[in-house]
Amino acid sequence: MKLLIQRVSTASVEVDNQIVSSIQQGVMALVGFDKHDNTQSLGSMAEKLLNFKIFNDHNGKISKSILETNHQLLVVPQVTLSVETKKGSKPSFSKAADPKKSFHFFQEFIQIIKSKNLECEIGSFGSDMSVRLINDGPVTFWFEN
C-alpha cells in the first residue's frame, strides 16, 4: 500500500463538474493498493495516517496528529501511486492490485478509519476525478509498506 498525506487548508474532489467531497483544515490522503496488501497492512497504514504528527502545536512545532486535533480528513483512491516507474518511460501497473481488489481494500481502509470515530470524506473510486487542494506548509509525507 502507498499513502501520500498532505496537510491542507482546503481540499475537494469533483466528478463530472460536481463536488462529491470537500474538507477545510485537515489532511488529504492519496491511497494506492498493491497486490500483496491485506487486512493487516491496511490497518497498519490507517494507524500511521491517524497517529502521524502532521499538525503544529501552540509553539509552532509539528507534534499533533489528526486524532489529537480533530481536523478533517479526505481520502482519495489513486491507482497511479502503485505503478512501477523504474524501467522505461511508460508506467507499469503489474504491482498494483486489480480494480475489484482495490475497491475492496479502499472500502476496508475507510471502515478502519471510521471505526476510530473520525469522520472521513472520500473520493470517488474508479472515477475521473479533479482534485483541488491548498497545501498548508507545505507539509507532505510518503509511506509505503
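Modeller: The model is predicted. Phe125 has a relative accessible area of 27%, so this residue counts as partly exposed, between the cut-offs of 20% and 50%. Phe125 forms a tilted aromatic pair with Phe106, with 6.0 Å from centre to centre and 35° between the planes. That pair links distant parts of the chain: Phe106 belongs to helix α3, while Phe125 is in the loop between β7 and β8, and the two are 19 residues apart. Phe106 is buried, because its relative accessible area is 1% and the limit for buried is under 20%.

A search of the whole structure gives five aromatic pairs. Phe125 also takes part in an edge-to-face pair with Phe103, at 5.3 Å centre to centre and with 70° between the planes. Here too distant parts of the chain are linked, since Phe103 lies in helix α3 and Phe125 in the loop between β7 (121-122) and β8, 22 residues apart. Phe103 has a relative accessibility of 40% and is therefore partly exposed. Elsewhere, ring pairs join Phe52, Phe141 and Phe143 into a cluster.

Helix α3 leads on to the largest pocket. This pocket has a volume of about 330 Å³. Its lining has 20 residues, and the closest to the pocket centre are Pro77, Gln78, Val79, Thr80 and Met129. At least two lining residues come from each of β3 (26-32), β6 (72-77), α3 (99-114) and β8 (129-144). The most comes from β3, which supplies three residues. By class, the lining of the largest pocket is made up of 11 nonpolar, seven polar and two charged residues.

Strand β1 (residues 2-15) runs antiparallel to β3, and seven bridges join them; Lys2 stands opposite Gly32 of β3. With β6 the arrangement is parallel, and six bridges join β3 to that strand. Met28 has Leu74 in β6 as its bridge partner.

Notes: Residues are numbered from 1 along each chain as its sequence is written. This is a predicted model: local features need pLDDT of at least 70, side-chain atom pairs count only at pLDDT 80 or more; totals for chains, interfaces and linings use all residues. Side-chain values use heavy atoms; hydrogens and water are left out. On a 1 Å grid over the protein atoms alone, a cavity is a set of points where a 1.4 Å probe fits but cannot get out, and a pocket is an open set with protein on both sides within 12 Å along at least five of seven lines; lining residues have an atom within 4 Å of a point. Grid points are joined across faces, edges and corners, and a volume is the space filled by probe spheres set on the points. Helices (H or I, at least four residues) and strands (E, at least two) are DSSP runs, numbered from the N terminus. Ala, Val, Leu, Ile, Met, Phe, Trp, Tyr, Cys and Pro count as nonpolar, Asp, Glu, Lys and Arg as charged, and the others, Gly among them, as polar. Two strands pair if DSSP finds at least two bridges between them. Rings of Phe, Tyr and Trp (its six-membered ring) pair if their centres lie within 6.5 Å; planes under 30 degrees apart count as stacked, over 60 as edge-to-face and the rest as tilted. Buried means under 20% relative accessible area, exposed over 50%, partly exposed in between (1.4 Å probe, protein chains only).
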